[in-house]
Amino acid sequence: MRTIRMDRKRATGTVAAALAVVALTATAPAALADGLTGTPTPTGSSSTTGATGSTVADTTTTTDTTTTTTTTTTTSATSATSATTGATGTATSTTTTPAATTTTTAPAPAAPAVISRTSPVAVVKDLQVRLKLVGRFAYAITGVYWSAVDQSVLGFQQAQGLPQSGVVDQGTWDRLRALTVSPTAIPRTAPATTVKDLQARLKLAGRFAYAVTGVYWSAVDRSVLSFQQVQNLPQSGVVDQRTWDRLRAVTASPTAIGRTASAAQVREVQLRLRAVGSWPYAVSGVYWSALDRAVLGFQQSRGLPQSGVLDVRTWSRLVSDTYRPGTFDTYRFTAALQPVMPKAASLDRRCLTGRVMCVDKGTRTLTWVVDGKPLMVMWARFGGPGRETREGTFSVSRKYEYVISNLYFTPMPYSMFFSGGQAVHYSSNFARLGYASSSHGCVNIADHDQVKALFFKVRVGDKVVVYP
């Protein structure tokens with residue numbers, strides 16, 4: 001009897017062990033299939049469902065010991081529940097439930113800013129200028145990065161089909177610079193005369209402190225960039241057409257003597273150019289193409305803006321190079337022009353009070369001065385050697401509208417005597433011969449209309465000052 005019980009127990013244990021092996025064999029293909037995918041999956045649990053529907057552990061019973069084994073199988077797409085058979089050998093169904101899948105796309109990293117709110121003022125001004133050129137910035141160029149700049153950048157990006165970040169990234173900056181570029185007007189390979197013109201204009205604009213040499217070196221680049229910053233232009237440091245046009249505009253000078261000038265004025269120009277070696281042709285008083293070339297050559301030799309036009313700046317330099325203050329202006333007299341009206345400071349101090357005929361032998365002029373203000377000036381001629389015009393301070397003693405000299409029997413119209421027989425008067429000889437001749441001691445005037453007008457202004461008793 002005892003032996004029979006033991007045999008039953010062994011038979012029961014053998015059956016349970018066989019069932020466990022069958023269950024493991026049934027689940028092995030699923031586990032192998034998961035392993036082939038190479039995809040890590042969340043951990044699941046294997047449960048045993050009995051006949052009553054409750055979950056129990058898969059149990060293997062031996063004679064003396066009971067061992068509990070739990071088998072877990074997972075996949076990347078499902079959580080599988082393995083069912084084992086009960087004690088009667090009936091297998092339960094296996095249920096597979098799909099797992100929820102979530103796909104997340106990481107946002108693309110934003111492009112780094114090339115120009116930001118912390119950029120230097122000069123850089124922000126460059127940005128504002130370029131935005132203004134493309135019609136996206138309607139405010140003043142201040143160099144301050146404020147909200148309107150953000151809005152302008154965003155508007156530009158929208159119009160150009162760029163990523164709309166409102167940030168000046170490299171792509172936005174490259175596109176903006178490309179749209180606001182201007183052709184180069186003066187490159188580094190430009191002729192020396194052209195570079196001298198550039199340097200002269202930059203010097204006039206206060207942006208170039210070096211000699212005008214015609215050599216294009218790094219200081220020219222810096223000067224151009226500085227000019228662009230001051231003038232609110234795109235800051236390329238290159239003399240593009242836009243920069244060159246602005247530079248010429250701010251260094252322009254009014255025309256002093258143009259093609260419609262009088263023949264006398266043109267003769268004076270030709271005479272002065274001849275004096276500095278720039279005019280090899282006849283002094284004709286005719287303004288023709290050779291005069292343009294001569295003016296341009298003079299500008300180049302003097303480091304002036306090379307317009308080829310006789311503007312005020314060029315004319316002042318030409319006059320200064322051919323006339324020293326306090327000396328006779330040969331060129332103006334030869335061109336039949338009136339002398340330049342002197343400034344009060346250049347006159348003898350005795351001429352600055354009262355009504356004075358101020359006679360300057362050095363400049364060969366007579367200036368009518370009232371209370372320190374020069375009102376009229378005219379060429380004057382004096383006595384030759386041995387008959388010199390007396391120097392000093394005198395007064396008008398008598399006046400004669402028409403008189404003949406008792407000594408030389410020559411007419412002396414509009415005479416104003418100031419020292420014995422010496423007088424200021426008109427001289428036809430002076431008008432005809434100029435300084436090729438001289439007076440007998442009087443102050444001769446060659447302009448009839450001027451001396452007549454002076455005669456009716458001067459009163460007896462007015463002062464006359466004659467000085468060397």
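**View 1. The largest pocket of the predicted model.** At least two lining residues come from each of β15 (398–400), β17 (422–426) and α12 (428–433), with β17 giving the most, namely three residues. By residue class, the lining of the largest pocket holds 14 polar, 11 nonpolar and three charged residues.

View 2. Arginine 177 and aspartate 174 form a salt bridge through their side chains, at 3.2 Å from N to O. Both residues belong to helix α4 (residues 170–179), where they stand three residues apart, about one turn of the helix. Arginine 177 is partly exposed at 37% relative accessible area, and aspartate 174 is likewise partly exposed at 35%.

**View 3. The salt bridge of aspartate 292 and arginine 259.** The closest N and O atoms of this pair are 2.2 Å apart. Aspartate 292 is partly exposed, its relative accessible area being 22%.

**View 4. The salt bridge of aspartate 462 and arginine 355.** The side chains of aspartate 462 and arginine 355 meet at 3.2 Å, N to O. Because aspartate 462 sits in the loop between α13 (448–455) and β19 (463–467) while arginine 355 sits in strand β11 (residues 355–360), the pair ties together parts 107 residues apart in sequence. Aspartate 462 is buried, at 9% relative accessible area, whereas arginine 355 is partly exposed, at 22%.

Note on methods: Residues are numbered from 1 along each chain as its sequence is written. This is a predicted model: local features need pLDDT of at least 70, side-chain atom pairs count only at pLDDT 80 or more; totals for chains, interfaces and linings use all residues. Side-chain values use heavy atoms; hydrogens and water are left out. Helices (H or I, at least four residues) and strands (E, at least two) are DSSP runs, numbered from the N terminus. Ala, Val, Leu, Ile, Met, Phe, Trp, Tyr, Cys and Pro count as nonpolar, Asp, Glu, Lys and Arg as charged, and the others, Gly among them, as polar. A salt bridge is a side-chain nitrogen of Lys or Arg within 4 Å of a carboxyl oxygen of Asp or Glu. Buried means under 20% relative accessible area, exposed over 50%, partly exposed in between (1.4 Å probe, protein chains only).
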